[in-house]
Amino acid sequence: MSALASAFTIMFLFWTITHLARKITIQGDNYTTENIITVTGAGLTGALAFTFTDSFWFSAVEAEVYALSSLFTAVVFWAILKWEDSAGQPQSGRWLILIAYLMGLSTGVHLLNLLAIPAIVFIFYFRTHTVTLKGFMVASAVSVILLLGVMYGIIQGFVVAASWFELFFVNTAGLPFKSGVAIYLIAVISLLTGALIYSHRKNKPVLNTIILCITAMLIGYSSYSIIVIRSHAGTPMDQASPDNMFSLLDYLNREQYGDRPLFHGPYYNAPITGQRERRPVYIQKEGRYVPVTRGYRYNYDSRFKTLFPRMYSPDPDHIEAYREWGDIEGREIKAEYEDGSVLTHIVPTFAENLRFFFTYQLGHMYFRYFMWNFAGRQNDIQGHGRLLEGNWMSGIHFIDQQRLGPQFGMPRHLEDNRARNRYYLLPLMLGIIGLLYHLQKNKKDAWVVFLLFFFTGIAIVIYLNQTPYQPRERDYSYAGSFYAFAIWLGIGVLAVYDNLRHYVSGKKGALLATLVPLTFVPGVLAVQNWSDHDRSGRYVARDMAVNYLNSCAPDAILFTYGDNDTFPLWYAQEVEGIRTDVRVVNLSYLGTDWYIDQLKRQVYESAPLPVSMARDKYVTGTRELIYLLDRMPEPANLHDALEFALSDDTVNQLQLSTGEYVSYIPSKNFSLPVNPFQVLNTGTVEQERAHLIEPEMEWFINRRHLTRSGLALLDMLATNNWERPIYFAVTVPTTEMLGLHNYLQLEGMAYRLVPILKQEMDNYPGHVNTEAMYGNITRHFEWGNIYDPAVYLDETHRRMGSNLRSVLARLAGNLVNEQKHDSAAVILDLAMDVLPNETIPYNYFIIPIIENYYLIGEQDRASSIAMQKSDLLQRELNYYLSLHRRFRPYVEHEMQRALSLYRELLNTVTGNDYYLEQEISGNLTGYMQLLRD
């Protein structure tokens with residue numbers, strides 16, 4: 001779907017560019033061969049250039065919404081140009097109705113398409129009015145009002161009004177659920193039908209067209225009904241469960257992503273002066289809709305607020321980034337607190353607020369991506385402002401050297417990065433030439449293209465108000481803006497011909513003006529970007545998902561945490577039917593009532609999960625937080641603690657200063673009695689390890705409170721009684737394991753919860769069941785061509801490979817400790833074969849591989865790998881030390897990491913290879929001397 005949508009996007013882009021180019025070069029019907037060649041060349045150059053741009057190509061081979069969203073934008077923009085051609089003709093309004101329908105339909109994909117509205121308004125204005133300053137200002141206002149009206153008045157307003165009807169007819173009139181929605185739909189259809197009949201009979205074509213546009217948009221928007229229909233079908237994954245108007249409204253408002261200030265709000269360190277309840281959410285209960293509170297919004301000291309707030313997140317990491325990007329010196333404000341204390345805060349100035357906006361939000365999170373697509377890209381490592389990660393580059397050495405340091409002799413993993421793409425500024429320069437030429441030849445059309453460029457790029461930056469340290473690069477969000485710039489790339493061909501024809505006229509000049517840009521812009525983009533956009537042969541995500549599932553015993557419950565260790569598993573189960581007996585539980589979702597509801601249902605071969613809580617105990621607005629207070633001298637029995645936390649009696653609740661009663665548990669230490677016979681009968685622990693079973697599990701939860709997610713997890717643990725195996729994926733942070741990490745055993749890519757206390761003194765969670773893990777890896781694991789140097793692995797895949805190397809190294813080390821050297825050799829060889837340096841660059845986890853090779857007597861193999869790693873580290877350190885002093889602070893972290901790893905390598909070879917030990921020791925001494933000098 002993405003590939004086909006992207007192909008059609010390019011087709012419509014070609015038609016769009018040729019339409020605009022014709023208006024510049026061809027007067028009336030005066031077609032000449034030269035004009036046909038240059039107009040076609042402009043379309044080919046701009047469309048093919050966009051085809052091979054980094055962000056668009058990425059979306060074209062990604063199972064995501066952005067390719068289809070780009071197609072809608074392309075079709076809508078092309079359609080308004082077709083209207084422009086036919087304006088004044090009797091049936092020209094059909095194009096406007098088509099546009100309205102497509103915009104309504106596109107909302108089922110993404111709201112980005114609505115950002116084309118301002119450009120559409122100005123095409124309409126330029127075609128139907130004489131341009132005046134007043135008219136221009138009115139058109140600008142209308143475009144913004146229309147954009148906001150569609151986004152909030154139709155897209156959200158339609159559902160808001162439906163929810164009002166539903167609330168009235170169910171709660172006041174006493175009708176069944178959904179009756180208000182049915183009456184609302186009948187009313188809307190009747191109103192639109194009546195308005196259409198009236199406007200037709202009264203011969204009001206403008207009104208008729210407007211009503212037809214609204215009707216067509218709503219018909220397109222009705223595609224959203226599939227969300228409600230699907231939710232009622234009870235699918236295994238029903239995100240947010242939008243089965244009524246209130247939950248659908250939250251779904252549309254993207255409530256799960258939170259909100260952020262836009263026009264006015266607090267700085268990151270604004271003192272809280274109070275709180276107010278958030279807008280209540282309505283839940284279905286006993287035949288009515290009942291409002292429940294779902295948290296609070298904070299009130300802040302007004303002195304700490306600003307217009308256009310850009311630095312608002314109180315997250316400590318974000319605050320540190322604000323200080324760096326905003327270069328904050330600030331101003332002092334004293335704040336007095338309820339306890340009488342007075343603290344002095346350093347608050348950013350408005351100029352520093354704007355500096356963060358321009359340097360980070362615009363510079364780093366938009367123009368960096370823009371340059372990726374039209375100048376060149378440093379590598380595919382996610383960039384947070386560091387010198388060697390994810391910057392733009394040109395390939396022109398003297399330019400790149402001034403910004404990024406020397407580009408020769410770089411660390412091997414950076415120099416060989418396949419996303420190191422150099423376009424030599426050629427697309428950028430041709431686009432700028434096209435922009436200037438367009439302004440010169442047709443200011444109206446240039447303004448329209450600029451509006452598309454601005455609203456699908458910079459306006460999104462302003463609206464999103466992004467915080468630092470985004471979880472992934474966001475360039476795909478701005479593909480519409482890059483689409484607009486590609487139009488100017490095509491127009492640039494006309495500028496080239498216009499100047500070249502003075503020297504080479506006729507067909508030769510037209511062909512030359514077409515072929516040279518076509519070769520050096522789309523051609524260079526295609527050649528440079530091919531290697532890092534070719535996904536053929538890459539099945540790592542799918543096979544790693546299978547490995548997670550195959551690490552689990554039958555009928556297991558597998559807790560995951562992030563997107564990358566959840567969605568591939570759901571794909572494997574839902575599409576390929578692999579291990580559907582395993583229930584994958586995402587801890588990020590477990591804090592929602594709708595997700596807990598779904599876990600209590602049968603899904604394929606997976607029985608309902610052991611959740612004992614009744615729905616009214618965890619429904620939205622109930623037990624959002626469960627406070628943990630360390631008031632008991634002994635660990636609290638988990639069953640008793642849960643009964644206490646789930647009690648609705650105020651005697652068992654904590655009264656806050658606001659007078660509100662909240663649930664709590666008077667302990668942070670917990671215990672769970674263990675029935676050894678049950679543990680053995682269910683196969684949780686093998687008979688030969690029965691002596692290791694603890695009579696009672698005890699653990700400490702180092703938190704001030706539990707979320708609903710933690711409550712549900714503990715409830716399952718208490719209710720399960722070892723009937724079903726419980727696992728945590730290896731990528732789940734230890735903080736999300738609620739103190740159970742010492743009772744986990746590694747069996748592959750997942751830890752199994754067992755009543756055996758960890759004895760090892762390392763920093764890893766739990767212990768290793770070498771027999772189970774060795775069997776899973778050697779018999780069931782698949783590798784997805786991760787070992788093939790011809791297959792491109794991006795940063796996410798390389799990180800996945802690094803996790804896998806860590807898991808294999810840990811297994812090998814435990815096999816060595818158990819004197820199972822033959823098995824350890826198998827695992828070590830496997831780690832080297834499937835995770836070579838060419839695909840998964842050697843990192844810290846190669847050290848235990850080398851160490852274990854030495855321990856099993858494979859000195860030559862160990863020393864060979866150590867020598868290879870030593871060479872890589874030398875190259876890396878030589879590069880860092882060759883940098884000019886002004887660049888040194890930006891690579892300090894990387895340099896210290898490399899030195900630390902070199903010391904680890906020295907410790908590993910010491911006593912195992914005398915000559916290598918002497919070489920590494922001498923090198924390390926030399927580097928330390930250089931640093932001191």
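Reader: What volume does the largest cavity have?

Author: Happy to start there. A cavity is a set of points on a 1 Å grid over the protein atoms alone where a 1.4 Å probe fits but cannot get out. Grid points are joined across faces, edges and corners, and the volume is the space filled by probe spheres set on the points. Here, the largest cavity has a volume of about 190 Å³. A word on sources: this is a predicted model, where local features need pLDDT of at least 70, side-chain atom pairs count only at pLDDT 80 or more, and totals for chains, interfaces and linings use all residues. Residues are numbered from 1 along each chain as its sequence is written, and side-chain values use heavy atoms, with hydrogens and water left out.

Reader: Now the core. Which residues touch the most other members of the largest nonpolar core?

Author: A nonpolar core is a set of buried Ala, Val, Leu, Ile, Met, Phe, Trp, Tyr and Cys residues joined through side-chain atoms within 4.5 Å. Buried means under 20% relative accessible area, exposed over 50%, and partly exposed in between (1.4 Å probe, protein chains only). The largest core has 141 residues, and Phe559, Leu590 and Trp699 touch the most other members. A second, separate core of 122 residues includes Phe72 and Ile155.

Reader: Is Leu757 buried or partly exposed, and where does Leu757 lie?

Author: Leu757 counts as partly exposed, because its relative accessibility is 32%. Leu757 lies in the loop between strand E22 (750–753) and strand E23 (767–768); strands are DSSP runs (E, at least two residues), and helices likewise (H or I, at least four), numbered from the N terminus. Contact means heavy atoms within 4.5 Å. Leaving aside its neighbours within four places in sequence, Leu757 is in contact with Glu694, Asn742 and Tyr743.

Reader: How many disulfides does the structure hold?

Author: A disulfide is a covalent bond between the sulfur atoms of two cysteines. The cut-off is a pair of cysteine sulfur atoms within 2.5 Å, and the structure holds 0 disulfides. As for individual cysteines, Cys213 is buried, with a relative accessible area of 16%, and Cys552 counts as buried at 6% relative accessibility.

Methods
1 Å grid on protein atoms, 1.4 Å probe; cavity = no way out; pocket = protein on both sides within 12 Å on 5 of 7 lines; lining within 4 Å.
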